[in-house]
Amino acid sequence: MVEAAEFESVRAALRQTGRDYYLAPIRHHSPACAWAVRELIREVKPKQVLIEAPVDLVGHIDILLDAETRPPVAIATIVEKQKTARLAAYYPFCTHSPEYVALVEGRKQGAELVFIDLPAADKAMSARQTERPSLVVDDEAVFDRGDYIEGLCRELGCRDGFELWDHLFESRLGNSDWQSLLADIGAYCAALRHATAPEIIESSGDAAREAHMQAVIAEALEADGPVVVVAGGFHIPALVDAGTGKPAKRPRGEKAVTNAYLIRYGFGALDALNGYGAGLPQPGYYDYLWHRANAADGEPPWRETALDLVSEFAAKLRALGHPVSVPAQVEILRAAEGLAAMRGRRGAGRHDLIDAVRTALVKGEVGAREIWTERLLEFLRGTAIGDVPASAGSPPIVEDARLRARALRIDVSDGSRRRRRLDIRRKPSHLEASRYFRAMTLLDTRFAELETGPDFLNNVNTSRLFEEWSFAWSPLAEGRLIELAVHGDNLPDACLHLLESRRAELHDAGRGRDIVAISGLLVEGILAGLGIRLVPFLDSLAEDIQANADFELVARTLRRIHYIAEAGGPLRIPDELELVSLQQTAYGRLIYLCDDLPGTPEEQEQGRMEALRLMVELLRDPSSDIFDSSLFNEAINRVADANPPPQLLGAVLAICVQAGRRDVAEICGAIAGGFAGTVDEQEDRIGVLRGMLFTAPELLWRSETVLQVVDTLLTGMSEDEFLELLPHIRLAFTSLNPRDADKLAGLLAAIHGGRVTDFSSRSHQLTDADLQRGIEIEKSLRESLKADALETWLEAKA
Amino acid sequence: MDVTDVQRLPAEQRFADELVRLRDNDKNDRPKGWQLSPRAVRSFVLGDSKLDVSQKFFGDDPLVDRCIVSLMGQQGLMLVGEPGTAKSLLSELLSAAISGDSNLVVQGSAGILEDHLRYGWNYALLLAEGPSERALVASPVLTAMRDGKVARLEELTRCAPEVQDAMISLLSEKTISIPELGPGQEVRATPGFNVIGTANLRDRGVHDMSSALKRRFNFETVQPIADREFEKALVARQVAERMAEHPRATELDEKVVDVLVAVFRDLRTGTTEEGATVATPNSVMSTAEAVNVAHAAALDAYYLDGAKTSTSHIARQIRGVVFKDDPEDARRFRSYIDQIAKARMKRDKAWSEFYKAAKKDLGSL
Ligand SMILES: Nc1ncnc2c1ncn2[C@@H]1O[C@H](COP(=O)(O)OP(=O)(O)O)[C@@H](O)[C@H]1O
Ligand SMILES: [Mg+2]
């Protein structure tokens, strides 16, 4: 019970009338807290209002409170250290954010407005930012996780920390007893803090920040009261005694320049931070509650509020073409209120509404993420976008693009067009510049244009050593970047977003199956220097591959990825970007699809033959040892037994023979069988042979038996038969390269006697009569084409 | 049918003492016709440590809340989802808590006629006395209406469309007229009446629910258990229960359960724990199926091998039990074995035995 007493003492310490010191423990974007903060400031009429925000952003207070500023807005901070700039964090403000309300109300009361946290550049401010950069300072995770939260959730029947928060506190929005609300939040946060290990408080940077806040508070208390502090509830227990101990010195912040911009922010962006300890999700909903409470000058009328939310939601859905019947709306409301009553709440809260929509609208089997719930969440998220005065400056991504250009000595100081020749294979700094140009191109800024250089997407001139670019900074480019600002604060983030959205576009256009195109996006991403950041994109590509049912596309994609994995030069990937598992996914998928080969429709035959050859070549490559070739061979072996069309049969049998899985006799048998058998099309007679020549022509000379069989069959034909089949035979033998053709000729010479040149050289003895006939044929051909208006066919291709 | 199923007492008897405690401590309002308040019903299903009430359904508390609130309204409650996700269990628990009676069940099948939803006759009495209250044999639905209780319709989609249509008028009118007893004779639903249906919509050989019928129900999809450790515990416990009649059979090794549950979860979710994607089969990869595989493997080990159940027994049974007759599924299973299981061979003996046996079973090592 020591603990309980400890929590109670925090409760009591929030109002220290003796010292004229008042503390408001808050949670970001909580209207209930905002309400209480406003009441507190109205009651106390402080001389100073101290707010938990970076001390060096204090210069932005005026613009935040500018008449033209309309939340949601955010202060974006960019920290420059040793010539690199990074977006440190966003500090978003909604109309219903306690911090914003404190500023507005404090100014109204004529109080001095002070920010008390460490400077934005301090490393303690980003100690929690691990995975995702560019977040708001993540200091509210304690509200969402941990044993204490889980225990309470279990006790009170809440599914998570958010529901718990609403259940305990948000339900008291506008209540006249706001003092108890603040006191309860104080005690709750004291308990949360108690359940947090001191090491965590230290390592998360909280201790350093709190030391700073204590020092600033102590100064303020000395100067002029009353003093009101508005800070995250978690910090409050550490702040109640500020100014009572030995005088604290303000720790000095780190040497770094912080550029900060007030930017327009949106509920969408704010909600995307949900789950990163950045306050309450679905800001549109809380904004709505805030306005209802203000309109009622007290508690929002819960019943009517729920009713209005439901009917507005229904109206929005109707507009989108998903009408909700009146009885269904009634059922939503009934269920929401029933749930709220069962859960012991004053009125239907956010989770009650979410549950109720699911209860009333879902008809059938659904997964966890279900369309009606998604629609409701979108509705509750809201779409509001704020406004900032023109004097607010430009957003981080523009700054990022400029800084990067400067670092690469790409002149963007004015709008004139310049050229640059880049030695991309030998000079790392040139490669970096190329990546910058490529990124800007990918982003559609029209900043740079590649005049000459390798084209890795279409495999043209890939061995070129130089790239030539022309470029010019323009308002157009800047406009485009500002447009992209919502998708990232720096070029790589924006590029990544763009790749994802292009992929989504392909999917929407029904081209989600086109994994060759999607893997092309990967190439673009690598060229733009996204490197390790492409990991999530690799995951989506893996999904696409896994869902693909086209043998040929999967093979071509696998080849492309393998090519990238092995590539040097601009296409070289960083070591940490691991392509092995992606290749393995594609390989596995391909093997899976092998079982489709027997049923190959005619129009896909050639494509699949080529894919098979790609695979044979790939597996023969020494760099392919990451693939378990026995799986491929085994799958191909199954195909051979499953009665595929002749050409495929030849191809797969050849692979089996090469792999030592089948005897040469089998392929000989199949070739002979095809020859002798009944066929729909003449060409099918040599289908097996053609297939074999396509994937493994060397069988012809590696194994005497094969050559013998082919030779016997061809020479055993009647003249007529031979002539009929000749075009197909020629076609079949085109898969041999000239060297192979010579080799074959040598062997045939050995069998039939004679010299190689008898078979391979193209010396022809033509008579004048032949020539004459030829000329005549050509003439009549030309005439015939002309008659059909097809003369252009005769023009030589450039 | 499983022996244990037959012997199992209905929930209101199995947990009679819990129900008494909940009722005695129930401070909240009870809807008309309910034995407990909604909150106490929730406690019965999800547990209440203060009253020593056990948790019986796991994994989705808000779903239970929604079910209870649905049953307070005019709509019926329809639980859908794959087999083995505890739909029937939940339906039993809810009706036990709300009505104190989980026995008013119609088991859906092709053989169900409209009469099974309404009433039939005791023909001996009918011949002797003519139509009378005494000769009338009430259906579970009729009884539920008269007594203000919850009727349960198991596997509703297995009933013929006409029977489902009959359900629509029962649910919208909430009366059953009995013309044989005289003009205007009817049974009107008393407060407390409602219906819980269960259905597996993906089952083959089921009849689609008409949209008119769907409108009468609020739907809840019961998902397979999301928590891996809990699923393992549940499988181990249920196999142990089933093997109780073979006293000398030993318990399943943790490793064996681990491999089994991993395979089921990988194939069910389409993503392995390493994050690789795998093709999901059409066959049901439910916890209950996992129990069936483990049970078959245990029997196989016990009777045929006289050995402890190993992962090779699992591998041998999994195809027979799960991938019975879908060639596409066999193909998916093969690629799972080739690509996922094979790579795990070096993890430990359990996986390597599993791989080898599965490969052998697939017939091409
Ligand atoms: N989420 C769960 N909570 C508790 N038990 C479960 C759960 N999922 C599966 N089970 C177990 O699986 C068994 C099979 O459930 P059953 O009600 O027959 O499933 P269904 O009717 O959905 O086919 C249950 O009796 C229970 O022991
Ligand atoms: Mg069932």
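Predicted model: local features only at pLDDT ≥ 70, side-chain atom pairs only at ≥ 80, totals over all residues.

**Sheets, interface and backbone**

Let me begin in chain B, where five strands make an open sheet in the order β2-β5-β8-β1-β9, with parallel pairing. Two strands count as paired if DSSP finds at least two bridges between them, and the elements themselves are DSSP runs, helices being H or I of at least four residues and strands E of at least two, numbered from the N terminus. The edges of this sheet are β2 (105-107) and β9 (217-221) of chain B, each of which pairs on one side only. Neighbouring strands in it are turned against each other by 20 degrees on average, with direction ignored; axes here are lines fitted to C-alpha atoms, for helices over the stretch in contact, and angles run from 0 to 180 degrees between N-to-C directions.

Residues are numbered from 1 along each chain as its sequence is written, chains are lettered from A and ligands numbered from 1 in the order in which they are written, and side-chain values use heavy atoms, with hydrogens and water left out.

Now to the interface, where 42 residues of chain B are in contact (heavy atoms within 4.5 Å) with 40 residues of chain A. The buried area, meaning the accessible area (1.4 Å probe) that two parts lose on being put together, summed over both, is about 3100 Å² between chain B and chain A, and carbon and sulfur atoms give 46% of it. On the chain B side, the residues that lose the most area to chain A are B:Arg66, B:Val69 and B:Arg331, which together make up 21% of what that side buries.

How many salt bridges are there between chain B and chain A? The count is seven, a salt bridge being a side-chain nitrogen of Lys or Arg within 4 Å of a carboxyl oxygen of Asp or Glu. One salt bridge brings together the side chains of A:Asp595 and B:Arg331, at 3.9 Å from N to O. As for which elements of chain B touch chain A, α4 (38-46), α5 (61-72), α11 (211-215), β9 and α16 (327-341) each supply at least two residues to that side, and α5(B) gives the most, with eight.

Turning to chain A, there is an open sheet of five strands here too, in the order β1-β2-β8-β3-β6 and with mixed pairing. Because β1 (15-16) and β6 (112-117) of chain A stand at its edges with a single partner strand each, one side of each is left without a neighbour in the sheet. Strand β3 (residues 48-54) of chain A runs parallel to β6(A), with five bridges joining them, and A:Gln48 faces A:Glu112 of β6(A) across that pair. Helix α7 (residues 178-194) of chain A packs on the sheet, where it touches β1 and β2 (21-26) of chain A, and its direction makes about 70 degrees with that of β2(A).

Finally, the backbone. Most residues other than glycine have a negative phi, and most peptide bonds are trans. A:Pro71 and A:Pro72, however, are joined by a cis peptide bond with omega about 5 degrees, and A:Pro72 sits in the loop between α3 (61-64) and β4 (73-81) of chain A. Another cis peptide bond links A:Gly225 and A:Pro226, with omega about -10 degrees.
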